[in-house]
Amino acid sequence: MLLGGTSEIGLAILLELARGGLRAAVLAGRDAQGLDRAAGVLREAGLTTVHTVALDAADSPAELAAAVRTGDELLGGTDVICLALGRLDPPGPLTPEAVADVMQVGLLAPAVLACAAADLLAARSGGHLVVLSSLTATAPRPALLAYGAAKAGLDAFALGLGDRLRASGAGVLVVRPAQVRTRMSAHLPDRPLTVDPVDVARAVARGLSEGRRIVWVPLAGRAAAGVLSRLPRAVLRRLPA
């Protein structure tokens with residue numbers, strides 16, 4: 001099940017899993033036409049069953065949880081639930097309204113969805129929740145202040161949720177990619193360590209097969225985050241946004 005069903009990274013993950021035998025999926029999102037196009041791509045890749053479910057980050061907690069349960073029922077049980085919601089800071093001044101919007105899409109709604117997904121997996125005593133975090137969660141950038149804060153909160157929440165799920169047999173995989181070339185980031189110049197959706201997808205597939213808790217994409221991102229975390233704030237403020 002892909003929560004954020006038109007996400008290019010999420011779709012790349014499903015296509016990679018299809019190479020390993022995935023045959024049924026649910027795409028949950030708010031763009032009905034976009035979901036239909038994504039479903040068509042998955043069918044062309046060999047999936048025999050693809051459902052779509054309405055899901056909006058602005059929905060109430062009860063509605064968000066219901067969407068997850070609906071998707072699970074359509075599949076007759078879910079092995080992997082991928083959480084791929086997020087929104088970058090808009091250009092220009094960072095207004096209170098913009099902060100609230102970024103936090104709702106990138107933290108509050110995903111946290112509710114993660115809880116609902118964890119309940120399903122724990123009840124089944126197995127499966128994985130894949131949470132798309134970001135290298136920005138560990139090394140905030142001034143130009144992506146709200147986005148980085150949202151990802152940092154979701155990252156911490158997902159790791160804690162994984163700890164709570166361990167005894168149930170289910171697991172949480174937190175994915176920390178550097179900047180990814182997608183529609184959402186098309187207006188941003190490539191930075192060091194920038195990757196493509198397929199790079200993230202391959203890392204996720206490996207992480208699931210190896211039972212990882214965290215994957216960095218690329219692996220060098222881990223070292224970069226370690227260096228940045230040790231720099232004084234005065235130095236960080238002088239780095240390019």
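Figure 1. Of the 6 residues in strand β2 (residues 24-29), 5 are buried, so the strand is mostly covered (buried: under 20% relative accessible area, 1.4 Å probe, protein chains only). The model is predicted: local features need pLDDT of at least 70, side-chain atom pairs count only at pLDDT 80 or more, and totals for chains, interfaces and linings use all residues. Residues are numbered from 1 along each chain as its sequence is written, and side-chain values use heavy atoms, without hydrogens and water. Strand β1 (residues 2-3) pairs with β2 in the parallel sense over 2 bridges; pairing requires at least two DSSP bridges between the strands. L3 has A28 in β2 as its bridge partner. Strands are DSSP runs (E, at least two residues) and helices are runs of H or I (at least four), numbered from the N terminus.

**Figure 2. The open sheet.** The 7 strands follow the order β3-β2-β1-β4-β5-β6-β7, with parallel pairing. Because β3 (49-54) and β7 (214-217) stand at the edges with a single partner strand each, one side of each has no neighbour in the sheet.

**Figure 3. Helices α1 and α6.** Helix α1 (residues 8-19) packs with helix α6 (residues 197-210) at an angle of about 50°, the axes being 8 Å apart; axes are lines fitted to C-alpha atoms over the stretch in contact, and angles run from 0 to 180 degrees between N-to-C directions. Residues of α1 including I9, I13 and L17 meet residues of α6 including V200, V204 and L208 (contact: heavy atoms within 4.5 Å).

Conventions:
Buried < 20%, exposed > 50% of the residue type's maximum accessible area, 1.4 Å probe, protein only.
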